[in-house]
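Please look over the sequence and the model shown here before reading on.

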Amino acid sequence: MSRTMQAVICHGPEDYRLEEAAVPEPGPGEVVIRVESVGICASDLKCYLGAPLFWGDEHREGYCQPPVIPGHEFVGEVAALGQGAGEKYGLAVGDRAVSEQIVPCWNCRFCHHGQYWMCQTHNVYGFRQATFGAMAEYMLFPAGALNHKVPRTIPVEHAAFIEPLACSIHAVQRGTIEFQDVVVIAGAGPLGLGMVAAARMKNPKLLIAVDLNDDRLETARLCGADMTLNPRKVDVVDEVLKLTDGYGCDVYFEATGHPAAVESGLRMVRKLGTFVEFSVMREPVTVDWTIIGDTKELDVRGAHLSPYCYPVAIKMLEEKRLPMDRIVTHSLPLADFQKGIDLVGAGTESIKVTLTP
């Protein structure tokens with residue numbers, strides 16, 4: 001390995017630059033990979049655009065700690081191992097590997113209870129000084145990271161989808177789908193498509209995908225959706241009510257990041273139904289909160305990250321349960337990171353955009 005590398009550095013909202021950075025060296029228990037592919041996530045876009053979650057507002061400190069290397073969806077080849085890391089993780093130089101997006105502290109109350117994805121310190125790759133991300137030629141998995149070996153039977157651009165797919169699996173688990181449920185998934189982007197594939201494995205009575213883009217809806221059908229609805233063409237709430245004798249869907253997943261999908265979801269889910277939220281919102285959402293309690297007595301559940309789901313995601317990709325050649329629409333060189341961000345922002349020509357350092 002050389003001493004320096006090319007890396008994308010986040011300095012602030014809309015201030016990302018391709019710069020020279022030092023190649024990391026592994027200490028005890030640490031792993032260095034040569035990054036083979038890194039995805040651009042919707043949360044990367046929201047960070048780039050200045051969403052309050054990452055840059056703060058009157059109620060919270062910003063989560064992002066610039067200057068930092070972005071990128072939490074990735075896969076790479078093991079380039080170096082610190083003392084004890086190979087034995088701990090079952091990895092050797094030359095293996096393909098991935099690390100879960102959060103590196104837990106293992107000392108807080110959540111980590112002590114096995115709830116590591118809610119770690120109080122909460123170092124997620126690509127946003128924090130302790131966990132630089134993968135938009136670089138090399139990256140470091142710190143001691144305490146959760147690392148997994150990746151079969152080489154999975155194409156490298158597809159393997160970069162392990163992280164978003166694992167998040168989708170966890171969201172579906174939060175929905176506790178039953179056999180006769182009517183399930184609606186709003187959003188047929190990378191996360192929504194992963195939810196469709198995971199929900200299909202739960203075998204609901206009817207699985208409906210909702211999106212404004214017909215090409216994405218066709219991909220949702222290939223992932224396992226029984227029916228697709230485009231809000232530009234039909235009144236989705238009315239259609240779901242007609243399909244369910246006026247009751248509404250049993251489980252609703254919000255995976256668009258748009259306030260309108262929250263409002264329509266609350267309207268179309270049945271009384272005593274379940275609403276699962278998995279999005280980073282750029283702006284606040286205003287809804288009639290009475291619907292949740294006095295009108296429908298809903299279970300409203302958040303979904304965050306992907307605890308214990310990486311092995312399932314890897315297995316799903318091995319089994320080709322998703323049409324990955326349709327989902328990964330763009331693979332660009334690292335130097336074209338701005339083009340990649342713009343493609344994700346537009347959302348009209350792409351589903352999953354990856355960078356190859």
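This is a predicted model: local features need pLDDT of at least 70, side-chain atom pairs count only at pLDDT 80 or more; totals for chains, interfaces and linings use all residues.

Residues are numbered from 1 along each chain as its sequence is written, and side-chain values use heavy atoms, with hydrogens and water left out.

The protein has 13 helices and 17 strands, where helices (H or I, at least four residues) and strands (E, at least two) are DSSP runs numbered from the N terminus. Its radius of gyration, taken over C-alpha atoms, is 20 Å, close to the 21 Å that the globule rule gives for 357 residues, so the protein is as compact as a globular protein of that length; the rule itself is 2.2 Å times the number of residues to the power 0.38. Along the principal axes, the C-alpha atoms fill a box of roughly 65 × 45 × 40 Å.

Strands of a sheet pair through backbone hydrogen bonds, either parallel or antiparallel. Here, six strands form an open sheet with parallel pairing, in the order β12-β11-β10-β13-β14-β15, and two strands count as paired if DSSP finds at least two bridges between them. The edge strands, each pairing on one side only, are β12 (227–229) and β15 (299–302), and the twist from one strand to the next averages 20°. Strand β11 (residues 206–210) pairs with β12 in the parallel sense over three bridges, and Ile-208 stands opposite Met-227 in β12. Helix α6 (residues 162–175) packs on this sheet and touches β13 (249–254), β14 (269–277) and β15, contact meaning heavy atoms within 4.5 Å. The direction of α6 makes about 155° with that of β14, where axes are lines fitted to C-alpha atoms, for helices over the stretch in contact, and angles run from 0 to 180 degrees between N-to-C directions.

A cavity is a set of points, on a 1 Å grid over the protein atoms alone, where a 1.4 Å probe fits but cannot get out, and its lining residues have an atom within 4 Å of a point. Grid points are joined across faces, edges and corners, and a volume is the space filled by probe spheres set on the points. By this rule there are two cavities of 30 Å³ or more. The largest cavity, with a volume of about 50 Å³, is lined by residues including Tyr-16, Asp-44, Met-135 and Val-344. Helix α1 gives the most to this lining, with three residues. The second largest cavity has a volume of about 40 Å³, and among the residues lining it are Cys-10, Tyr-16, Asp-44 and Phe-127.

Most residues other than glycine have a negative phi, and most peptide bonds are trans. The peptide bond from Pro-66 to Pro-67, however, is cis, with omega near -5°, and Pro-67 lies in the loop between α2 (52–55) and β4 (73–81). Trp-106, a residue other than glycine, has a positive phi near 65°, and its place is in the loop between β6 (102–103) and α4 (109–112).

Key: On a 1 Å grid over the protein atoms alone, a cavity is a set of points where a 1.4 Å probe fits but cannot get out, and a pocket is an open set with protein on both sides within 12 Å along at least five of seven lines; lining residues have an atom within 4 Å of a point.
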